[in-house]
Amino acid sequence: MSSEFRGPGDDALPAPPVQTLPTQPGAPPSEKKSEDNSSKEPASEKEKPEGADDDSDDDKSENGDAADSAAPSAGPPPPDFSTPSPADAALLKQVNSVLTSEIGIATLLNRLKQSVASAKEFATFLKKRAVLEDDHAQSLKKLCRTTQENMRRADHRTGSFAQSYDEMMYIHDRMAENGIQFAASLHQMHEDLIELANNSERSRKTWKTNGLAAEQKVADLEQAMRKSKAKYDSLAEEYDRARTGEGRQGGKVLGAFKAHKSAAQQEEDLLKKAQNADQTYYSHVQTLQTEKSQLESAHRPEAVRALQDLVSETDSATTLQMQKFAAFNEKLLLGNGLIVYPFKNQPGETTPQARSLRQAVSSINNERDLNDFVLSQLPKVAPITEVKYEKNPLLAPQPSAAPRPHSQPFAPQQQGSTTSFGQINPAAPGGLSSPGAQPPQSMGTRTSTGGFTGPNGPGSPQHASGPQSPSGPPGPGQGMAQP
């Protein structure tokens, strides 16, 4: 591991084992010390952490000559990440060979097309996911609002149940708010990716036109050069046959020359044409070399670098958006988790902490809610009164009549008091007259003058004995007293 990746705790690790080298007999100590220092210097520069310059001098002074016998570590040196490995170097060389060839621009154009398509597809996914999350959050928010309004009606439960239900709806409402923010973030990511993909696509079209135009120009020049070379070679062969005398076979002239020309004239004409073809071929070669050199040195590297930058930018932006998407998902889930079950206050904190969903639901006390509801009806309860039987005075029995089994007995009277009939019954206990000892009396009759005559009326013995006060209200069948 290189010094760049060493942590602050790596300095406390034990030093690697050292190997002492045998000293040569007769060698001076100064030479031995210089050789050891020169062999240890590279390792100390690699393994020495930052800020350890002062400690090294102190260690040297404390150890003294003990460091002279220290030898380089026998273990392998730490890998250096600044230089690529042989495999990576070979891979980069092969990649460079492809990019510097005539298919380099076309290869990068295809790769950029894939990057743009991937970015657009991920942007489409983000848009649809944002729509789903927004719909879910809005529906959840609407559901919380509706059910809260319904639960607050008079025909629903109150007390601890209503309070816990309100807290549960509040928790869901906050979760819906998190979902709305998450959907807005995804929508913004979608817009950024679409803008990036459109810019990359426009740049791709530009470099496709410029880069492939230069490549096509060189390809056309190369094709023209090959045609001129073929023509030049053909004329050179004809000139060689005419110069060697192989032009006439069987009296026929080979080539496009007329028969009246002599061999010398044919040879001269072929030579001129061959020379012209040679000049044309040479000019084509020169033009091709110039254009190809300019293409390989300027146009192609520029297009390759631009396309590489576009590919890297598009891929990096897509990867960054994917990382943000992962972070936003974690934030959404963590936020909902903290809403459902928030952190508890640390010791000493007095900040009011919201209850978790489990705590809110667990606080429902059904028995207490029932008792509270029943107690709320207490003012409607009528006062308790003693229930007793009361006889209507109009329907009370006559004093002479025997008491009914269900009625109260007459109160005892003083001895010597008169009964309702004006007589004292000495045989009855307490001086009361026995109703059974009295003769039956007839009902009174009303006279034609409106007077009432009866057993106690004028002329009767009771009336003669004087007025008597009745002991009670007249019963049924008893006549009204005279005034």
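Let's start at Leu112. Leaving out residues up to four places away in sequence, Leu112 touches Ser200, Arg204, Leu307, Leu310, Val311 and Thr314. Keep in mind that this is a predicted model.

Where does Leu112 belong? Leu112 is among the residues with the most contacts inside the largest nonpolar core. That core has 25 residues. Others on the most-contacts list include Leu126, Leu186, Leu307 and Phe325. Which of them gives the most? It is α4, with ten residues.

Next, His190. This residue sits in helix α5, residues 160–244. Buried or exposed? His190 has 12% relative accessibility, so it counts as buried, the cut-off being under 20%. Its contacts, setting aside neighbours within four places in sequence, are Ala123, Thr124, Leu126 and Lys127. Leu126 we have met already, as one of the core residues with the most contacts.

Now the loop. Gly159 lies between α4, residues 104–151, and α5. Gly159 is partly exposed because its relative accessibility is 39%.

Last stop, the surface. Helix α8 covers residues 366–375 and holds Phe373. Phe373 is at 51% relative accessibility, so it counts as exposed; the threshold is over 50%. Together with Leu370 and Val374, Phe373 makes a nonpolar surface patch of about 320 Å².

Technical notes. Residues are numbered from 1 along each chain as its sequence is written. This is a predicted model: local features need pLDDT of at least 70, side-chain atom pairs count only at pLDDT 80 or more; totals for chains, interfaces and linings use all residues. Side-chain values use heavy atoms; hydrogens and water are left out. Patches are made of residues with over 30% relative accessible area and no salt bridge: like charges are joined within 9 Å, nonpolar side chains (Val, Leu, Ile, Met, Phe, Trp, Tyr) within 5 Å. Accessible areas come from the Shrake-Rupley method with a 1.4 Å probe; for residues, only the protein chains shown count as cover. A salt bridge is a side-chain nitrogen of Lys or Arg within 4 Å of a carboxyl oxygen of Asp or Glu. Helices (H or I, at least four residues) and strands (E, at least two) are DSSP runs, numbered from the N terminus. Buried means under 20% relative accessible area, exposed over 50%, partly exposed in between (1.4 Å probe, protein chains only). Contact means heavy atoms within 4.5 Å. A nonpolar core is a set of buried Ala, Val, Leu, Ile, Met, Phe, Trp, Tyr and Cys residues joined through side-chain atoms within 4.5 Å.
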